Amino acid sequence: MKKSNVVQPYDLESINIKNWVTKSNILIESTYKLSLQEQRILLIMASKVQPNDETLKTYRFRAKDFIEIVGNKKGTGFYSYLKEIVNGLQTKILTIKEKGRQRNYNWVITSIYEENEGYITLQFHPSLKYLFLELKEKFTSYQLENVVRLNSVYSIRIYELLKQYERLRKRELTLEELRHFLAIEPTKYKQYGHFKSKVLAVAQKEINNKTDIYFEFVEIKTGRKVTSIEFIITSSPALNGVNAVKEKEPESNQLPLELTGNEKENRLQHDLVGLGVKPEKVEWVLSEFTKEQVERNIKYTQDRLTMGDITHPHSYVIKSIQKDYAKASQESKPKKSIRKELVPDFIREIEDKDRVLENSTLKERQELFFKENRTQKDFEEILIRIQELKKTLVLNSKEPTKEEVEKAHELAMQEVIQNMKKDLEKREQAGLKPRAINDFKNKQLREIYQTFLSNQVSNES
């Protein structure tokens, strides 16, 4: 057998779809046009970048390990197909507009396809270092498995654009901005109806069914023409459940069954950075606590984050590791439930719970929300009762005029908004995310809450 003349100085890399991808927001909002397969290969490379790397390294993979991730083109030999993709990557351009300048970069500086051996060697262009490494702020992280599930180039880009704004829970983009980010040519999908069915609807179905976020969108019109899209973003509870099996995800032979000490530490580093922990803090955590304690509390934090229970994961995960919340939660016994009052005493019930919250630690406040606090259904029922009570007090059983009825409705709405504001403040104090708009089953309350959240975002801006 003829031996390859290619020098092989690099260790073989495994492909682990649980790895984290961390990108500068500059890169997420840049313009580039790549095929689905090219995007997947670059995302796999990005998932190998470690937070303690000083440079963008060269990675060498088995060609066969790419087949489940990249996919095969019907009627084309796998190796020929992959060789075509790898060779083509060096011609692909990334355009960055920053501080009034437009810069064009090649994505990769090295792309080697070893045909006889069946290996691929790739390296990001060194000029892209600032987009992947030493990111202190304005970056976005997500697990590789979220994007390798997607089958549309537009779905991947829209996922990143929405993931960037997940904590704000909404993002508005003009159609012009969205088309620019997605690198859609002016002649393609010129009619909004085509753009909606071929881009937005496809991305919505894929992202909602296959990733850790869920979104709906609202069409904003100028006159009769749709000119902007408002995305409403929430966390999806079904990240690794039944859907992952149904969608025929890559086989388990892609995931290492056991990690070496270095691999495990690298994964923990990446997971911590993905939660927003600064590199210097990561080093301290890994030197101060056992890997097992760090690992279980990262998982504990990620689960809480997926459930929408925390809003500041970077600080929560550190405290979780220090206090070992994961172990404590397994050992703790269910607490006695708080007594529920009858309808006439519902206001006192709220005040009692408020006092409990004010005098509790952060952990206790969170546990109160998790186990004892009002369910969404209870919260809506209380708001409706507050609304009706306010109307009754204002109208006072006399024959009301139209103006008095309108005033009663307005005051009742203000009372509801005040209680929504109190609820939001308490959730923030407990490190919890705001309630999702779609959690509200009552249409009127849902509309009031959406307006309330929009005003909150405007005021913070």
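## Basis of the model

The structure is a predicted model, in which local features need pLDDT of at least 70 and side-chain atom pairs count only at pLDDT 80 or more, while totals for chains, interfaces and linings use all residues. Residues are numbered from 1 along each chain as its sequence is written, and side-chain values use heavy atoms, with hydrogens and water left out.

## Overall make-up

The protein contains 20 helices and 12 strands; these are DSSP runs numbered from the N terminus, with helices being H or I of at least four residues and strands being E of at least two. Of its 461 residues, 47% are buried, a term that means under 20% relative accessible area with a 1.4 Å probe and protein chains only. Among contacts (heavy atoms within 4.5 Å) with a separation of 6 or more, 69% join residues 24 or more positions apart.

## Strand pairing

Two strands pair if DSSP finds at least two bridges between them. An open sheet of 3 strands has the order β3-β5-β6, with antiparallel pairing. Because β3 (31-32) and β6 (101-106) stand at the edges with a single partner strand each, one side of each is left without a neighbour in the sheet. Strand β5 (residues 93-98) is joined to β6 by 6 bridges, and I93 stands opposite N106 in β6.

Strand β2 (residues 20-24) pairs with β9 in the antiparallel sense over 5 bridges. W20 has Q143 of β9 as its bridge partner. Strand β9 (residues 139-143) is mostly covered, with 4 of its 5 residues buried.

## Nonpolar cores

A nonpolar core is a set of buried Ala, Val, Leu, Ile, Met, Phe, Trp, Tyr and Cys residues joined through side-chain atoms within 4.5 Å. The largest has 69 residues, and W107, F124, L128, F132 and F231 have the most contacts inside it. Helix α2 (residues 36-48) gives the most to this core, with 7 residues. A second, separate core of 14 residues includes L268, V285, I298 and I321.

Leaving aside neighbours within four places in sequence, F132 is in contact with T22, K23, L27, A46, V49, L56 and F124.

## Cavities

A cavity is a set of points, on a 1 Å grid over the protein atoms alone, where a 1.4 Å probe fits but cannot get out; lining residues have an atom within 4 Å of a point. The lining of the largest cavity includes F132, T22 and V49.

Definitions and conventions: On a 1 Å grid over the protein atoms alone, a cavity is a set of points where a 1.4 Å probe fits but cannot get out, and a pocket is an open set with protein on both sides within 12 Å along at least five of seven lines; lining residues have an atom within 4 Å of a point. Buried means under 20% relative accessible area, exposed over 50%, partly exposed in between (1.4 Å probe, protein chains only).
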